[in-house]
Amino acid sequence: MSAAVSRRVTVVTAVHGPSARFLPEAYASLCAQRMPVCWEWDWVVQQDGTSDEVRRYLPDDARVSFRQGRPGGPGVARTVALARAEGTYVKVLDADDRLTPGALARDLAVLEADPAVGWTTCRVLDLLPDGSTAGFPGDPDDGPIERGTVLDHWKRNGFRAPVHPASLCVRRELLIALGGWMALPASEDTGLLLALDAVSRGWFSAEAGLLYRKWEGQVTGQSAHVDPAELTARTTVAEARARALAGLGWSYPPAPATAAPTPPATPPAPPAP
């Protein structure tokens, strides 16, 4: 590490065999980031499984760390990857997605400027198979997202969050405090987003920061993802967790501790008769 570099954002990627072929594009999008002075990124890649089909797509770069583990889904892979995440902030980058130029710098600018903001998201564009892109309707305005806003929108709009969890950048200590991603077969990132929304303010950047690839092998495109029984279970537990966190009264950053009142001085003993 250069002597001038003192701080880091860790980019966490979960990958399985079918999505491994997109890793070179994800890496290229990282290399295209222009980082602020005294900042650098590292890339922590965790394979969901132990097959041999992933490693060959990864570059020979000291900034890249790769490990394998038994299958458990993307949430488990990302949470296990946190053992190697040493950055001040953790940025999500799915194996089949790409960052746009300037995405990391915009995240860092917000989080460094306001310690009351625990996490950031940004505008996301679908990356279609023909290379074209398409936006999402109804993005919020550029600016802060107050606590409870995401859960309220999610409930009122058929379990659709107003911001995309695949674009998340979060303070590492807050992510660790919440236990990482939820132990769910899908929607684990939405569950984390709802938990973050329950305890801290967020931020939405209206400038597109992520290209979200649409392809035939993505997990969210499989029939199991919309199985009614599983979907009900996922949404129920994600909502219950968020409401329980909000009800506890804990927030990030924690309120300054109130100094204990000074006990009154012991009155002097009356003089002896």
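Colleague: Let's start with α4. Which of its residues meet α6?
Modeller: Thr-149, Val-150, Leu-151 and Trp-154 do. Contact here means heavy atoms within 4.5 Å.

Colleague: And on the α6 side, what do they meet?
Modeller: They touch Thr-190, Leu-193, Leu-194 and Asp-197.

Colleague: Before we go on, what am I looking at?
Modeller: A predicted model, where local features need pLDDT of at least 70, side-chain atom pairs count only at pLDDT 80 or more, and totals for chains, interfaces and linings use all residues. Residues are numbered from 1 along each chain as its sequence is written, and side-chain values use heavy atoms, with hydrogens and water left out.

Colleague: How many helices and strands in the protein chain?
Modeller: Seven helices and ten strands. Both are DSSP runs numbered from the N terminus: helices are H or I with at least four residues, strands are E with at least two.

Colleague: How much of the chain is buried?
Modeller: Of its 273 residues, 47% are buried. That means under 20% relative accessible area; exposed is over 50%, and partly exposed lies in between (1.4 Å probe, protein chains only).

Colleague: What share of the contacts reach at least 24 residues along the sequence?
Modeller: Among contacts between residues at least 6 apart in sequence, 76% do.

Colleague: Switching to α2. Which residues are buried there?
Modeller: The helix covers residues 74–81, and Gly-75, Ala-77, Arg-78 and Ala-81 are buried.

Colleague: Why do they line one face?
Modeller: Seen down the axis of α2, the buried residues fall within an arc of 165°, so they share one face of the helix. The arc is taken from the directions from the helix axis to the C-beta atoms.

Colleague: OK, Val-15. Where is it found?
Modeller: In strand β1. Val-15 is buried, at a relative accessible area of 2%.

Colleague: What does Val-15 touch?
Modeller: Leaving out residues up to four places away in sequence, its contacts are Ala-20, Leu-23, Val-45, Gln-46, Gln-47, Asp-48, Val-54 and Ala-95.

Colleague: How far is Val-15 from Arg-78 in space?
Modeller: Their C-alpha atoms are 9.2 Å apart. In sequence the two are separated by 63 residues. Arg-78 is one of the buried residues of α2.

Colleague: Where is the place of Asp-96?
Modeller: In the loop between β4 and β5 (98–99). Asp-96 has 12% relative accessibility and counts as buried.

Colleague: New topic: backbone. Which peptide bond is cis, with omega near -5°?
Modeller: The one from Tyr-252 to Pro-253. Pro-253 sits in the segment after α7.

Colleague: What is phi at Cys-38?
Modeller: Near 70°, a positive value, and Cys-38 is not a glycine. Cys-38 lies in the loop between α1 and β2. At 33% relative accessibility, Cys-38 is partly exposed.

Colleague: And what about phi at Phe-159?
Modeller: Positive too, about 60°. Phe-159 belongs to the loop between α4 and β9 (169–171).

Colleague: What is the relative accessible area of Phe-159?
Modeller: 39%, so Phe-159 is partly exposed.
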